[in-house]
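Dear colleague,

Please find below the structure that I am handing over to you, with its sequence.

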Amino acid sequence: MSGYLLGWGSLLLRWLHLITGTAWIGSSFYFLWLDNPLLAPERPEATAYWFSWQAYSTWLSGVGLLGLLYFLHADAYLIDPAVRMLSPRLAVLIAVGILVGSWLAYEGLCRSKLRHSTVKLVIALALLAAILAWGVCALFSGRGAFIMFGAAIGTVMVANVLSAIVPGQRELVRARQEGREADPALGLRGRMRSIHNTYLTLPVLFVMISNHYAMTYSVHYNWLALIAMSFSGVCIRVWFVARHKPAGRVGFESLLPLIMGLLALVIVIIGLYPDCALPVCPQPPQG
């Protein structure tokens with residue numbers, strides 16, 4: 001019991017440390033960026049500062065690690081014969097297909113008629129994430145599945161920067177330089193994708209450290225644990241965002257996302273405890 005709770009204490013503190021550290025460092029970078037425009041630029045277009053290469057570099061380095069650790073050693077890290085018998089080459093091809101396919105599915109939903117209804121789009125994207133979690137856990141080792149889930153989400157996030165967020169920003173700058181009204185569609189699309197990226201950050205940070213904690217990925221129905229932890233991260237991020245708004249600092253409604261996120265964490269901790277009665281608990285060997 002004490003060792004199990006100690007493991008969860010380590011996981012949650014590590015996750016919190018990573019979240020708050022990222023927020024702190026990101027804020028310091030942002031404050032420095034705000035200070036730069038106070039200096040007269042050598043070129044007018046230099047006033048436009050793009051965060052795109054920060055996103056691209058993060059994705060490129062992450063994919064590099066994925067290839068170095070999980071693709072080159074697929075038989076050790078990506079494949080579990082007890083889950084699915086795959087050759088290393090087939091496992092890598094499937095993994096690459098999942099990265100591309102996840103982005104295409106996400107992009108298709110965001111460009112469909114569902115984009116006109118926030119609730120319907122959120123439900124559709126949540127279902128897509130659940131299917132992704134189930135799919136990777138049905139194909140790969142638990143450790144590899146969690147990392148592949150995070151890599152797919154990260155790919156979606158950086159694709160948002162490339163295909164929607166940066167083009168929207170560039171359109172605003174061009175419109176101002178040309179003395180015309182900017183195309184509002186590009187700005188709205190970039191805004192929507194930025195919001196999506198914001199809420200996806202904490203689930204991605206969780207899977208980045210999940211390989212240190214076998215109790216989360218080496219269990220039966222580990223995809224349920226992955227979904228619950230991702231749901232918890234999204235809810236906590238919703239609460240963080242709300243805290244920056246005056247209306248989000250008072251009343252029970254402002255605390256509801258935080259309560260939901262913490263409740264999901266409690267359910268996972270209880271559900272993964274050995275010999276518990278919840279379906280995500282490890283099952284004893286048969287025979």
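Helix α5 makes the largest share of the lining of the second largest pocket, contributing 14 residues. Please bear in mind throughout that the model is a predicted one.

The volume of this second largest pocket is about 1200 Å³. Its lining comprises 41 residues, and those that lie nearest the centre are V122, L125, A126, L200 and V234. Two or more lining residues are given by each of α4 (88-111), α5 (118-139), α6, α7 (184-210), α9 (222-243) and α10 (252-271). By class, the lining of the second largest pocket divides into 33 nonpolar, 6 polar and 2 charged residues.

The crossing of α5 and α9 is right-handed. On the α5 side the contact is made by A130, A133, W134 and C137, which meet N222, W223, L226 and I227 of α9. This contact of α5 with α9 holds 7 nonpolar residues and 1 polar residue, with no charged residues.

Next comes α6 with α7. Here the axes are 8 Å apart and the helices pack at an angle of about 155°. Because of that angle, α6 is roughly antiparallel to α7. The two helices, α6 and α7, cross in a left-handed sense. In their contact, 13 residues are nonpolar, 11 are polar and 3 are charged.

Helix α6 (residues 142-178) is also packed with helix α2 (residues 52-71): the two axes come within 10 Å and cross at roughly 155°. It follows that α2 and α6 are, therefore, roughly antiparallel to each other. Their crossing is left-handed. From α2, the residues S52, A55, Y56, W59, L66, Y70 and F71 take part in the contact. Their partners in α6 are R143, G144, I147, M148, A151, G154, T155, V158, V161, L162 and V166. By class, the contact of α2 with α6 contains 13 nonpolar, 4 polar and 1 charged residues.

With kind regards

Key
Residues numbered from 1 in each chain as written. Predicted model: local features only at pLDDT ≥ 70, side-chain atom pairs only at ≥ 80, totals over all residues. Heavy atoms only, no water. Axes fitted to C-alpha atoms, helices over the stretch in contact; angles between N-to-C directions. Helix = DSSP H or I, 4+ residues; strand = E, 2+ residues; numbered from the N terminus. Parallel < 35°, antiparallel > 145°, perpendicular 65-115°, else oblique. Left-handed = near helix turned anticlockwise from the far one by under 90°. Contact = heavy atoms within 4.5 Å. Nonpolar A, V, L, I, M, F, W, Y, C, P; charged D, E, K, R; others polar. 1 Å grid on protein atoms, 1.4 Å probe; cavity = no way out; pocket = protein on both sides within 12 Å on 5 of 7 lines; lining within 4 Å. Points joined across faces, edges and corners; volume = space filled by probe spheres on them.
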